Amino acid sequence: MPDPRNPLSDPARRAPDTLLVHGGTERSPHGETSEAMFVNSGYIYPSSGAAERRFKNEDPGYIYSRFSNPTVEMFQKRIALLEGAEAARGLATGMAAVTTALMSQVRAGDHVVSARALFGSCRYVVEDFLPRWGVTSTLVDGRDPENFARAMQPNTKVVFLETPTNPTLELCDIAAVAEIAHAHGAKLIVDNVFATPIFQSPLKLGADLVCYSATKHIDGQGRAMGGAILGSQELIGGDIHTFIRQTGPSMSPFNAWVLLKGLETLSLRVERMAQNAARIADFLAGHPKVARVLYPHHKDHPQYELAKRQMSSGSTLIAFEVAGGQENAFKVSDALAIILISNNLGDAKSIITHPRTTTHQRLSEEIRLESGITPGLLRLSVGLESADDLIADLSYALDQV
Ligand SMILES: *Cc1c(COP(=O)(O)O)cnc(C)c1O
(Lines give C-alpha, C1' and ligand atoms only; values in the text may rest on other atoms or scores of the structure.)
Protein backbone atom coordinates (compact mmCIF):
# COMPACT_ATOMS: atom_id res chain seq x y z
CA MET A 1 0.00 0.00 0.00
CA PRO A 2 1.34 3.47 -0.84
CA ASP A 3 1.98 5.76 2.15
CA PRO A 4 -1.10 8.01 2.55
CA ARG A 5 1.01 10.66 4.42
CA ASN A 6 3.18 11.20 1.36
CA PRO A 7 2.06 14.53 -0.22
CA LEU A 8 2.12 12.88 -3.67
CA SER A 9 -0.75 10.62 -2.56
CA ASP A 10 -2.87 13.65 -3.48
CA PRO A 11 -3.47 13.61 -7.29
CA ALA A 12 -3.70 17.44 -7.22
CA ARG A 13 0.05 17.54 -6.41
CA ARG A 14 1.02 15.38 -9.39
CA ALA A 15 2.24 16.69 -12.74
CA PRO A 16 0.28 15.88 -15.93
CA ASP A 17 2.83 13.27 -17.05
CA THR A 18 2.34 11.40 -13.76
CA LEU A 19 -1.46 11.67 -13.99
CA LEU A 20 -1.40 10.24 -17.52
CA VAL A 21 0.29 7.08 -16.22
CA HIS A 22 -1.42 6.60 -12.84
CA GLY A 23 -4.51 8.84 -12.79
CA GLY A 24 -7.84 7.14 -12.09
CA THR A 25 -6.45 3.60 -11.70
CA GLU A 26 -8.69 1.49 -9.44
CA ARG A 27 -7.19 -1.91 -8.73
CA SER A 28 -9.33 -4.98 -8.19
CA PRO A 29 -8.52 -7.29 -5.23
CA HIS A 30 -6.13 -9.15 -7.59
CA GLY A 31 -3.72 -6.19 -7.56
CA GLU A 32 -3.10 -6.10 -11.33
CA THR A 33 -0.39 -3.64 -12.50
CA SER A 34 -2.19 -2.47 -15.64
CA GLU A 35 -5.83 -1.41 -15.56
CA ALA A 36 -8.28 -4.33 -15.73
CA MET A 37 -10.72 -4.62 -18.60
CA PHE A 38 -14.25 -5.10 -17.22
CA VAL A 39 -16.09 -6.32 -20.30
CA ASN A 40 -19.33 -7.07 -18.48
CA SER A 41 -22.62 -5.38 -19.38
CA GLY A 42 -24.37 -5.83 -16.01
CA TYR A 43 -23.72 -6.13 -12.26
CA ILE A 44 -25.20 -8.27 -9.52
CA TYR A 45 -26.44 -7.01 -6.17
CA PRO A 46 -26.02 -8.79 -2.84
CA SER A 47 -29.75 -8.33 -2.12
CA SER A 48 -32.97 -6.76 -3.47
CA GLY A 49 -32.60 -3.96 -0.96
CA ALA A 50 -29.06 -3.24 -2.25
CA ALA A 51 -30.42 -3.08 -5.83
CA GLU A 52 -33.12 -0.65 -4.69
CA ARG A 53 -30.55 1.59 -2.96
CA ARG A 54 -28.35 1.62 -6.04
CA PHE A 55 -31.23 2.64 -8.33
CA LYS A 56 -32.17 5.40 -5.86
CA ASN A 57 -28.57 6.67 -5.98
CA GLU A 58 -28.15 6.00 -2.24
CA ASP A 59 -25.29 3.61 -2.96
CA PRO A 60 -22.69 4.58 -5.59
CA GLY A 61 -22.13 1.09 -7.08
CA TYR A 62 -22.45 0.11 -10.73
CA ILE A 63 -25.81 -0.69 -12.37
CA TYR A 64 -25.39 -1.19 -16.12
CA SER A 65 -22.50 -0.54 -18.51
CA ARG A 66 -24.54 1.80 -20.71
CA PHE A 67 -23.78 4.46 -18.11
CA SER A 68 -21.29 3.07 -15.61
CA ASN A 69 -18.41 0.63 -15.94
CA PRO A 70 -15.16 0.42 -13.97
CA THR A 71 -12.83 0.52 -17.00
CA VAL A 72 -14.72 3.42 -18.58
CA GLU A 73 -14.66 5.17 -15.20
CA MET A 74 -10.87 4.85 -15.00
CA PHE A 75 -10.62 6.49 -18.44
CA GLN A 76 -12.98 9.27 -17.34
CA LYS A 77 -11.07 9.95 -14.12
CA ARG A 78 -7.70 9.96 -15.86
CA ILE A 79 -8.72 12.42 -18.58
CA ALA A 80 -10.54 14.63 -16.03
CA LEU A 81 -7.38 14.83 -13.89
CA LEU A 82 -5.30 15.73 -16.94
CA GLU A 83 -7.72 18.47 -18.03
CA GLY A 84 -8.27 19.76 -14.48
CA ALA A 85 -12.02 19.13 -14.91
CA GLU A 86 -14.39 18.19 -12.10
CA ALA A 87 -15.94 15.42 -14.19
CA ALA A 88 -15.79 13.61 -17.54
CA ARG A 89 -17.78 11.09 -19.54
CA GLY A 90 -16.42 8.69 -22.16
CA LEU A 91 -18.44 8.25 -25.36
CA ALA A 92 -18.47 5.87 -28.32
CA THR A 93 -16.94 8.38 -30.75
CA GLY A 94 -15.95 12.02 -30.97
CA MET A 95 -19.20 12.74 -32.81
CA ALA A 96 -21.16 11.08 -29.98
CA ALA A 97 -19.37 13.49 -27.62
CA VAL A 98 -20.09 16.62 -29.68
CA THR A 99 -23.71 15.62 -30.36
CA THR A 100 -24.33 14.77 -26.70
CA ALA A 101 -22.74 18.03 -25.51
CA LEU A 102 -24.93 20.08 -27.90
CA MET A 103 -28.20 18.15 -27.57
CA SER A 104 -28.07 18.02 -23.79
CA GLN A 105 -27.90 21.84 -23.53
CA VAL A 106 -30.70 22.88 -25.92
CA ARG A 107 -34.42 22.43 -26.52
CA ALA A 108 -36.80 23.50 -29.34
CA GLY A 109 -36.90 27.30 -29.57
CA ASP A 110 -33.24 27.75 -28.57
CA HIS A 111 -30.49 29.16 -30.76
CA VAL A 112 -26.84 28.13 -31.22
CA VAL A 113 -24.02 30.34 -32.46
CA SER A 114 -21.16 28.39 -34.00
CA ALA A 115 -17.91 29.14 -35.75
CA ARG A 116 -18.38 28.11 -39.38
CA ALA A 117 -15.00 26.40 -39.76
CA LEU A 118 -15.86 23.02 -38.26
CA PHE A 119 -15.10 19.34 -38.65
CA GLY A 120 -17.54 18.19 -41.39
CA SER A 121 -19.87 16.12 -39.18
CA CYS A 122 -19.96 18.82 -36.47
CA ARG A 123 -21.11 21.29 -39.10
CA TYR A 124 -23.78 18.80 -40.21
CA VAL A 125 -25.14 18.48 -36.66
CA VAL A 126 -25.27 22.26 -36.16
CA GLU A 127 -26.56 23.18 -39.64
CA ASP A 128 -28.86 20.27 -40.52
CA PHE A 129 -29.91 18.26 -37.46
CA LEU A 130 -30.44 20.98 -34.84
CA PRO A 131 -32.86 22.97 -37.05
CA ARG A 132 -34.90 19.78 -37.66
CA TRP A 133 -35.59 19.76 -33.93
CA GLY A 134 -36.44 23.45 -33.74
CA VAL A 135 -33.02 24.70 -32.64
CA THR A 136 -31.85 27.43 -34.99
CA SER A 137 -28.17 28.14 -35.59
CA THR A 138 -26.02 30.97 -36.91
CA LEU A 139 -22.57 30.23 -38.33
CA VAL A 140 -19.97 32.98 -38.07
CA ASP A 141 -16.36 33.57 -39.08
CA GLY A 142 -14.77 32.51 -35.78
CA ARG A 143 -11.50 34.40 -36.20
CA ASP A 144 -13.00 37.62 -34.82
CA PRO A 145 -14.78 37.35 -31.43
CA GLU A 146 -16.96 40.33 -32.42
CA ASN A 147 -18.71 38.09 -34.96
CA PHE A 148 -19.96 35.87 -32.11
CA ALA A 149 -21.14 38.96 -30.18
CA ARG A 150 -23.13 40.20 -33.20
CA ALA A 151 -24.83 36.82 -33.71
CA MET A 152 -26.04 36.39 -30.11
CA GLN A 153 -29.83 36.38 -29.63
CA PRO A 154 -31.94 36.40 -26.44
CA ASN A 155 -32.54 32.63 -26.95
CA THR A 156 -28.88 31.72 -27.63
CA LYS A 157 -28.05 28.89 -25.22
CA VAL A 158 -24.83 27.53 -26.70
CA VAL A 159 -21.77 28.89 -28.47
CA PHE A 160 -19.76 26.17 -30.20
CA LEU A 161 -16.31 26.30 -31.78
CA GLU A 162 -13.21 24.28 -32.55
CA THR A 163 -9.73 25.79 -32.47
CA PRO A 164 -7.48 25.26 -34.35
CA THR A 165 -10.04 24.43 -37.03
CA ASN A 166 -10.13 21.60 -39.49
CA PRO A 167 -8.54 21.81 -42.02
CA THR A 168 -7.24 25.40 -42.29
CA LEU A 169 -5.98 25.78 -38.70
CA GLU A 170 -7.79 29.05 -38.06
CA LEU A 171 -7.99 30.06 -34.41
CA CYS A 172 -10.77 31.32 -32.17
CA ASP A 173 -9.94 33.34 -29.05
CA ILE A 174 -11.45 31.04 -26.41
CA ALA A 175 -11.24 33.52 -23.50
CA ALA A 176 -12.84 36.36 -25.50
CA VAL A 177 -15.66 34.15 -26.83
CA ALA A 178 -16.29 32.68 -23.35
CA GLU A 179 -16.81 36.18 -22.02
CA ILE A 180 -19.29 36.99 -24.81
CA ALA A 181 -21.20 33.72 -24.29
CA HIS A 182 -21.43 34.19 -20.53
CA ALA A 183 -22.55 37.83 -20.84
CA HIS A 184 -25.58 36.42 -22.73
CA GLY A 185 -26.16 33.52 -20.34
CA ALA A 186 -24.97 30.95 -22.93
CA LYS A 187 -22.57 28.03 -22.49
CA LEU A 188 -19.35 27.76 -24.48
CA ILE A 189 -18.53 24.28 -25.85
CA VAL A 190 -15.05 23.81 -27.36
CA ASP A 191 -14.00 20.92 -29.60
CA ASN A 192 -10.32 20.64 -28.59
CA VAL A 193 -9.29 17.74 -30.83
CA PHE A 194 -6.65 19.56 -32.88
CA ALA A 195 -4.90 21.16 -29.90
CA THR A 196 -5.12 18.08 -27.61
CA PRO A 197 -5.37 18.45 -23.79
CA ILE A 198 -1.56 18.74 -23.73
CA PHE A 199 -1.32 21.99 -25.74
CA GLN A 200 -4.51 23.89 -24.86
CA SER A 201 -6.85 23.99 -21.83
CA PRO A 202 -10.23 25.47 -22.86
CA LEU A 203 -11.79 25.05 -19.39
CA LYS A 204 -9.05 27.21 -17.87
CA LEU A 205 -9.76 29.83 -20.56
CA GLY A 206 -13.45 29.96 -19.59
CA ALA A 207 -15.14 27.23 -21.68
CA ASP A 208 -17.97 25.36 -19.95
CA LEU A 209 -17.54 22.04 -21.76
CA VAL A 210 -14.69 20.58 -23.78
CA CYS A 211 -15.11 17.70 -26.25
CA TYR A 212 -12.61 15.26 -27.71
CA SER A 213 -12.50 12.66 -30.39
CA ALA A 214 -10.34 10.16 -28.48
CA THR A 215 -9.98 8.34 -31.81
CA LYS A 216 -7.41 10.96 -32.73
CA HIS A 217 -4.35 11.70 -30.54
CA ILE A 218 -5.62 9.94 -27.40
CA ASP A 219 -5.60 6.56 -29.13
CA GLY A 220 -3.26 7.88 -31.78
CA GLN A 221 -2.45 4.42 -33.09
CA GLY A 222 -5.43 3.69 -35.30
CA ARG A 223 -6.99 1.08 -33.03
CA ALA A 224 -10.16 2.38 -31.41
CA MET A 225 -12.92 4.98 -31.69
CA GLY A 226 -13.86 7.05 -28.67
CA GLY A 227 -14.91 10.45 -27.40
CA ALA A 228 -15.00 12.46 -24.19
CA ILE A 229 -16.83 15.43 -22.68
CA LEU A 230 -15.38 17.29 -19.69
CA GLY A 231 -16.64 20.09 -17.47
CA SER A 232 -18.17 20.88 -14.10
CA GLN A 233 -19.82 18.19 -11.98
CA GLU A 234 -23.06 20.16 -12.32
CA LEU A 235 -23.13 19.95 -16.14
CA ILE A 236 -21.56 16.51 -16.55
CA GLY A 237 -23.41 14.84 -13.67
CA GLY A 238 -26.66 16.59 -14.71
CA ASP A 239 -28.02 16.82 -18.25
CA ILE A 240 -25.04 15.12 -19.88
CA HIS A 241 -25.15 12.07 -17.63
CA THR A 242 -28.93 11.84 -18.10
CA PHE A 243 -28.61 12.13 -21.89
CA ILE A 244 -25.99 9.34 -22.03
CA ARG A 245 -27.84 7.13 -19.57
CA GLN A 246 -31.16 7.39 -21.41
CA THR A 247 -29.99 7.46 -25.05
CA GLY A 248 -26.86 5.26 -24.98
CA PRO A 249 -23.97 6.82 -26.98
CA SER A 250 -21.68 5.04 -24.52
CA MET A 251 -18.01 4.08 -24.67
CA SER A 252 -17.30 0.35 -24.71
CA PRO A 253 -15.10 -1.01 -21.89
CA PHE A 254 -12.69 -2.48 -24.43
CA ASN A 255 -12.21 0.89 -26.13
CA ALA A 256 -11.84 2.58 -22.73
CA TRP A 257 -9.03 0.14 -21.95
CA VAL A 258 -7.25 0.86 -25.25
CA LEU A 259 -7.65 4.60 -24.66
CA LEU A 260 -6.29 4.34 -21.09
CA LYS A 261 -3.14 2.87 -22.64
CA GLY A 262 -3.18 5.70 -25.17
CA LEU A 263 -3.32 8.31 -22.42
CA GLU A 264 -0.19 6.84 -20.80
CA THR A 265 1.93 7.91 -23.78
CA LEU A 266 -0.12 10.91 -24.95
CA SER A 267 2.25 13.71 -23.96
CA LEU A 268 5.32 11.82 -25.21
CA ARG A 269 3.70 11.24 -28.58
CA VAL A 270 2.13 14.63 -29.22
CA GLU A 271 5.21 16.53 -28.09
CA ARG A 272 7.39 14.60 -30.54
CA MET A 273 4.79 14.92 -33.29
CA ALA A 274 4.57 18.69 -32.72
CA GLN A 275 8.39 19.00 -32.82
CA ASN A 276 8.35 17.18 -36.15
CA ALA A 277 5.48 19.40 -37.36
CA ALA A 278 7.34 22.62 -36.49
CA ARG A 279 10.37 21.47 -38.51
CA ILE A 280 8.21 20.43 -41.47
CA ALA A 281 6.32 23.77 -41.38
CA ASP A 282 9.67 25.59 -41.65
CA PHE A 283 10.69 23.36 -44.56
CA LEU A 284 7.39 23.90 -46.42
CA ALA A 285 7.40 27.67 -45.79
CA GLY A 286 10.68 27.99 -47.68
CA HIS A 287 9.69 25.74 -50.60
CA PRO A 288 9.10 27.34 -54.04
CA LYS A 289 6.24 24.91 -54.93
CA VAL A 290 4.31 25.78 -51.76
CA ALA A 291 2.08 28.86 -52.03
CA ARG A 292 1.01 29.06 -48.38
CA VAL A 293 1.69 27.28 -45.07
CA LEU A 294 -0.64 27.36 -42.09
CA TYR A 295 0.85 26.25 -38.78
CA PRO A 296 -0.22 28.02 -35.58
CA HIS A 297 3.29 28.55 -34.15
CA HIS A 298 4.81 29.55 -37.48
CA LYS A 299 5.41 33.29 -37.70
CA ASP A 300 3.51 33.49 -41.04
CA HIS A 301 0.27 32.31 -39.41
CA PRO A 302 -2.24 35.22 -39.55
CA GLN A 303 -3.10 34.68 -35.86
CA TYR A 304 0.42 33.95 -34.62
CA GLU A 305 0.07 36.17 -31.52
CA LEU A 306 -3.12 34.42 -30.40
CA ALA A 307 -1.55 31.01 -31.12
CA LYS A 308 1.40 31.85 -28.86
CA ARG A 309 -0.92 33.08 -26.09
CA GLN A 310 -3.49 30.28 -26.22
CA MET A 311 -1.52 27.17 -27.20
CA SER A 312 1.69 25.85 -25.68
CA SER A 313 2.69 24.31 -29.03
CA GLY A 314 1.76 24.68 -32.69
CA SER A 315 -0.02 21.28 -32.70
CA THR A 316 0.59 18.19 -34.81
CA LEU A 317 -1.22 19.43 -37.93
CA ILE A 318 -0.14 21.57 -40.85
CA ALA A 319 -2.18 22.87 -43.79
CA PHE A 320 -0.35 23.90 -46.94
CA GLU A 321 -1.26 24.93 -50.43
CA VAL A 322 0.56 23.44 -53.36
CA ALA A 323 1.10 26.00 -56.13
CA GLY A 324 -0.93 25.12 -59.24
CA GLY A 325 -4.10 23.74 -57.62
CA GLN A 326 -5.66 20.29 -57.30
CA GLU A 327 -3.72 18.54 -60.03
CA ASN A 328 -0.44 19.39 -58.33
CA ALA A 329 -1.79 18.64 -54.85
CA PHE A 330 -2.72 15.14 -56.09
CA LYS A 331 0.74 14.75 -57.67
CA VAL A 332 2.37 15.55 -54.32
CA SER A 333 0.17 13.14 -52.31
CA ASP A 334 0.58 10.36 -54.88
CA ALA A 335 4.40 10.66 -54.94
CA LEU A 336 4.83 10.16 -51.17
CA ALA A 337 6.41 6.95 -49.91
CA ILE A 338 6.02 7.26 -46.11
CA ILE A 339 3.16 9.69 -45.57
CA LEU A 340 -0.14 7.86 -46.12
CA ILE A 341 -3.25 9.13 -47.90
CA SER A 342 -6.02 8.89 -45.31
CA ASN A 343 -8.55 11.11 -43.56
CA ASN A 344 -7.65 10.24 -39.96
CA LEU A 345 -5.33 12.47 -37.93
CA GLY A 346 -3.33 12.50 -34.72
CA ASP A 347 -1.85 9.09 -35.56
CA ALA A 348 1.69 7.78 -35.04
CA LYS A 349 1.73 7.38 -38.83
CA SER A 350 1.87 10.62 -40.85
CA ILE A 351 -1.25 11.15 -42.92
CA ILE A 352 -2.12 13.51 -45.77
CA THR A 353 -5.62 14.53 -46.90
CA HIS A 354 -6.98 16.62 -49.77
CA PRO A 355 -9.95 18.23 -47.93
CA ARG A 356 -11.70 19.60 -51.05
CA THR A 357 -12.33 16.13 -52.52
CA THR A 358 -12.75 14.12 -49.29
CA THR A 359 -13.67 15.49 -45.84
CA HIS A 360 -15.17 18.71 -47.19
CA GLN A 361 -16.56 17.54 -50.55
CA ARG A 362 -20.16 17.88 -49.27
CA LEU A 363 -19.81 21.68 -48.94
CA SER A 364 -20.43 23.98 -51.92
CA GLU A 365 -17.37 25.43 -53.65
CA GLU A 366 -18.42 28.88 -52.46
CA ILE A 367 -18.46 27.84 -48.79
CA ARG A 368 -15.22 25.93 -49.24
CA LEU A 369 -13.41 28.93 -50.70
CA GLU A 370 -14.82 31.21 -48.00
CA SER A 371 -13.31 28.74 -45.45
CA GLY A 372 -9.93 28.71 -47.23
CA ILE A 373 -10.33 25.18 -48.62
CA THR A 374 -8.74 25.85 -51.99
CA PRO A 375 -8.10 23.23 -54.72
CA GLY A 376 -4.37 23.06 -53.86
CA LEU A 377 -4.83 22.72 -50.07
CA LEU A 378 -3.46 19.63 -48.31
CA ARG A 379 -3.79 18.82 -44.61
CA LEU A 380 -0.86 16.98 -43.10
CA SER A 381 -1.12 15.16 -39.77
CA VAL A 382 2.47 14.72 -38.64
CA GLY A 383 3.37 11.40 -37.00
CA LEU A 384 6.21 9.87 -35.05
CA GLU A 385 8.52 8.96 -37.93
CA SER A 386 11.95 10.58 -38.26
CA ALA A 387 11.48 14.26 -39.18
CA ASP A 388 14.39 13.95 -41.63
CA ASP A 389 12.60 11.11 -43.46
CA LEU A 390 9.32 13.04 -43.55
CA ILE A 391 11.04 16.13 -44.97
CA ALA A 392 12.85 14.01 -47.57
CA ASP A 393 9.53 12.35 -48.51
CA LEU A 394 7.81 15.74 -48.97
CA SER A 395 10.83 17.15 -50.78
CA TYR A 396 10.77 14.31 -53.35
CA ALA A 397 7.00 14.65 -53.80
CA LEU A 398 7.13 18.43 -54.30
CA ASP A 399 9.89 17.96 -56.89
CA GLN A 400 7.42 15.93 -58.98
CA VAL A 401 5.27 19.05 -59.53
C1 LIG B 1 -12.43 13.45 -35.78
C2 LIG B 1 -13.04 14.67 -35.22
C3 LIG B 1 -14.33 14.63 -34.65
C4 LIG B 1 -15.17 13.39 -34.62
O5 LIG B 1 -14.57 12.32 -33.97
P6 LIG B 1 -14.88 10.77 -34.30
O7 LIG B 1 -14.16 10.04 -33.23
O8 LIG B 1 -14.38 10.51 -35.66
O9 LIG B 1 -16.37 10.62 -34.22
C10 LIG B 1 -14.83 15.81 -34.15
N11 LIG B 1 -14.14 16.96 -34.20
C12 LIG B 1 -12.90 17.03 -34.74
C13 LIG B 1 -12.19 18.33 -34.76
C14 LIG B 1 -12.31 15.89 -35.26
O15 LIG B 1 -11.10 15.95 -35.81
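This is a predicted model: local features need pLDDT of at least 70, side-chain atom pairs count only at pLDDT 80 or more; totals for chains, interfaces and linings use all residues.
Asn-57 is found in the loop that runs between helix H2 (48–55) and helix H3 (70–83). Most residues other than glycine have a negative phi, and most peptide bonds are trans.

Two peptide bonds also deserve a look. The bond from Thr-163 to Pro-164 is cis, with omega near -10°. A cis peptide bond also joins Asn-166 and Pro-167, and there omega is about 0°. Pro-164 belongs to the loop between strand S4 (156–162) and H7, and Pro-167 likewise has its place in the loop between S4 and H7. Helix H7 itself covers residues 174–183, and it is one of the helices that supply at least two residues to the side of domain 1 that touches domain 2.

That brings the overall layout into view. The domain assignment of the protein chain gives domain 1, covering 14–264, and domain 2, covering 267–399. Into their contact go 38 residues from domain 1 and 38 residues from domain 2. The C-alpha centres of the two domains lie 27 Å apart. The size of an interface is often given as the accessible area lost when the parts come together. For domain 1 and domain 2, the buried area is about 3,100 Å², and carbon and sulfur atoms give 56% of it.

Between domain 1 and domain 2, the count is 14 residue pairs in polar contact, with both residues at pLDDT 80 or more. On the side of domain 1 that touches domain 2, at least two residues each come from helix H1 (16–22), helix H5 (120–132), helix H7 (174–183), helix H8 (196–199) and helix H9 (215–219). Of these, H5 gives the most, with five residues. By type, the residues on this side of domain 1 divide into 17 nonpolar, eleven polar and ten charged. Two salt bridges are found across the interface of domain 1 and domain 2. In a salt bridge, the side chains of Asp-173 and Arg-309 meet at 3.7 Å, N to O.

Met-95 takes part through its backbone: one of its polar backbone atoms is 2.8 Å from an oxygen atom of the ligand. Asp-191 uses its side chain, where a polar atom lies 2.6 Å from a nitrogen atom of the ligand. For Ser-213, an N or O atom in the side chain is 2.8 Å from an oxygen atom of the ligand.

Terms used:
Residues are numbered from 1 along each chain as its sequence is written. Side-chain values use heavy atoms; hydrogens and water are left out. Domain bounds come from an automatic or database domain assignment. Contact means heavy atoms within 4.5 Å. Buried area is the accessible area (1.4 Å probe) that two parts lose on being put together, summed over both. A salt bridge is a side-chain nitrogen of Lys or Arg within 4 Å of a carboxyl oxygen of Asp or Glu. A polar contact is a pair of N or O atoms within 3.5 Å; within protein, one must be able to donate a hydrogen and the other to accept it, and residues adjacent in sequence count only if both atoms are side-chain atoms. Helices (H or I, at least four residues) and strands (E, at least two) are DSSP runs, numbered from the N terminus. Ala, Val, Leu, Ile, Met, Phe, Trp, Tyr, Cys and Pro count as nonpolar, Asp, Glu, Lys and Arg as charged, and the others, Gly among them, as polar.
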